[in-house]
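Thanks for coming. Please have the sequence and the model open while I talk.

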Amino acid sequence: MPRKIADCRKHPSVSHCSLTISGEEEEVVRAAAEHAVSVHEHTDSPELREQIRTMLEDEQVNA
């Protein structure tokens, strides 16, 4: 199973966040939700986690 990434640079924000999170899908969703709440002042909810899940990308591995 490919690792997933969530990259804040791909989503405009007032803080110009540059954080990238990578790992297994559930780990990334959990960490990205915690980050969205603590840094971007979102409210943690099932809807937020589903939105994060739809934005995840497969991590590109350079062989």
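Setting aside residues up to four places away in sequence, Val28 touches Lys4, Ile5, Ala6, Ile21, Ser22, Gly23 and Leu56, where contact means heavy atoms within 4.5 Å. Val28 is found in helix α1; helices are DSSP runs of H or I with at least four residues, strands are runs of E with at least two, and both are numbered from the N terminus. Val28 counts as buried, because its relative accessibility is 0%. For the cut-offs, buried is under 20% relative accessible area, exposed is over 50%, and partly exposed is in between, with a 1.4 Å probe and protein chains only.

A word on the basis. This is a predicted model, so local features need pLDDT of at least 70 and side-chain atom pairs count only at pLDDT 80 or more, while totals for chains, interfaces and linings use all residues. Residues are numbered from 1 along each chain as its sequence is written, and side-chain values use heavy atoms, with hydrogens and water left out.

Which residues make up the largest nonpolar core? There are 10 in all: Ala6, Ile21, Val28, Val29, Ala32, Ala33, Ala36, Leu48, Ile52 and Leu56. α1 and α2 each supply at least two residues of this core, and the largest share, five residues, comes from α1. A nonpolar core here is a set of buried Ala, Val, Leu, Ile, Met, Phe, Trp, Tyr and Cys residues joined through side-chain atoms within 4.5 Å. In soluble globular proteins, nonpolar side chains tend to be buried together. Leu48, one of the core residues, touches Ala33, Ala36, Val37, His42 and Thr43, again not counting residues up to four places away in sequence.

That brings in His42, which is found in the loop between α1 and α2. His42 is partly exposed, because its relative accessible area is 43%.

Next, His35. Is it buried or exposed? His35 is buried, because its relative accessible area is 13%, and its place is in helix α1. Its side chain makes a polar contact with the side chain of His40, at 3.2 Å. A polar contact is a pair of N or O atoms within 3.5 Å; within protein, one must be able to donate a hydrogen and the other to accept it, and residues adjacent in sequence count only if both atoms are side-chain atoms. Leaving aside neighbours within four places in sequence, His35 is in contact with Cys8, Cys17, Leu19, Ile21 and His40.

Last, backbone angles. Most residues other than glycine have a negative phi. His16 has a phi near 50°, a positive value in a residue other than glycine. His16 is found in the loop between β1 (4–7) and β2 (20–23), and it is exposed, because its relative accessible area is 70%. Glu41 has a positive phi of about 60°, although it is not a glycine. Glu41 is found in the loop between α1 (25–38) and α2 (46–55), and it is exposed, because its relative accessible area is 71%.
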